[in-house]
Amino acid sequence: PLSLSLGEGKELVGRSEPRLESLRISDSSYGELVAEWSARHLKPLMPWQIHVADGLLQHLEGQLCHAEGLVSTARQQGKSVLLKALAGFWVTHMAALRGDPQTVLMVANKLDRSSAMFRDLAPVLEAMGGKAFWSYGREEIRMPDGSLLKIAAAVPNQHGASVDLLLVDELWSISPAVMFDALRPTMIARPNPLGAYFSTAGDESSTVMLKLRESAIAAIDEGRPAKLYFAEWSP
């Protein structure tokens with residue numbers, strides 16, 4: 001539980017854990033390493049962000065337990081900070097752990113969202129030896145070991161891309177054609193990839209988000225672990 005003083009003896013009491021969450025698979029996780037990386041290179045993560053990183057990056061003897069993750073929170077909670085921490089960690093520390101160059105693709109429902117995250121993160125990676133390409137809509141940075149971070153618009157033309165980590169922001173407004181026909185297939189050829197999807201609440205038109213959410217809740221109701229990690233902060 002968290003306690004926040006509002007002055008005059010008043011306190012707001014809450015908790016950082018999600019209301020809904022997938023069953024735990026492993027006690028081992030790379031989440032702590034993400035938190036350490038962010039504290040060193042970006043900013044300290046909040047408890048809820050650490051909780052997500054810990055759940056999302058559970059592993060068994062180095063192999064990720066989850067192939068995908070869906071995280072749903074209210075607006076202005078710090079999703080972009082966690083997205084940047086995951087991306088930066090993956091092209092540096094995770095690449096070193098795996099001993100193989102890693103490719104990270106960042107996508108958002110609007111190109112300016114992913115471009116803004118890239119602009120925040122690129123100077124950090126440049127200081128670590130990365131070489132950045134700054135053309136709007138085609139931003140990318142390549143690390144000394146060959147690892148690559150790039151952004152893309154949420155359009156159905158990602159054919160040919162092959163990524164180890166797919167980061168999607170505001171999944172609620174991304175279409176099934178883009179998600180299932182363009183983005184998801186980019187992970188097929190990579191060993192032990194991860195698709196991590198973040199979003200605020202959607203509506204009845206949020207087909208992709210609703211489909212993944214329903215699958216995750218079914219697994220929770222049945223008491224079984226799943227390849228999809230799900231965490232939702234909601235009323």
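Helix 4 supplies the largest share of the lining of the largest pocket, four residues. Helices here are DSSP runs of H or I with at least four residues, and strands are runs of E with at least two, numbered from the N terminus. The model is predicted, so local features need pLDDT of at least 70 and side-chain atom pairs count only at pLDDT 80 or more, while totals for chains, interfaces and linings use all residues. Residues are numbered from 1 along each chain as its sequence is written, and side-chain values use heavy atoms, without hydrogens and water.

A pocket is an open set of points on a 1 Å grid over the protein atoms alone, where a 1.4 Å probe fits, with protein on both sides within 12 Å along at least five of seven lines; lining residues have an atom within 4 Å of a point. The largest pocket holds about 300 Å³ of space. A volume is the space filled by probe spheres set on the points, which are joined across faces, edges and corners. The lining of this pocket has 13 residues. Gln76, Lys79, Ser80, Arg113 and Asp169 lie nearest the centre. Helix 3 (79–98) and helix 4 (111–126) each supply at least two lining residues. By class, the lining has two nonpolar, five polar and six charged residues. Nonpolar covers Ala, Val, Leu, Ile, Met, Phe, Trp, Tyr, Cys and Pro; charged covers Asp, Glu, Lys and Arg; the others, Gly among them, are polar.

The second largest pocket holds about 220 Å³. Ten residues line this pocket, and Arg15, Ser16, Trp48, Gln77 and Trp233 lie nearest its centre. Its lining has six nonpolar, three polar and one charged residues.

Helix 1 (residues 31–41) has Gly31, Val34, Ala35, Trp37 and Ser38 buried. Seen down the helix axis, these residues fall within an arc of 165°, so they line one face of helix 1. The arc is that of the directions from the helix axis to the C-beta atoms. On the other side, Glu32 and Arg40 are exposed. Buried means under 20% relative accessible area and exposed over 50% (1.4 Å probe, protein chains only). The buried residues of helix 1 pack against helix 2 (47–56), helix 3 and helix 4.

The protein chain has six helices and 13 strands. Its radius of gyration, taken over C-alpha atoms, is 17 Å, close to the 18 Å that the globule rule gives for 235 residues, so the chain is as compact as a globular protein of that length. That rule is 2.2 Å times the number of residues to the power 0.38. Buried residues make up 48% of the 235 residues.

Conventions
Contact = heavy atoms within 4.5 Å.
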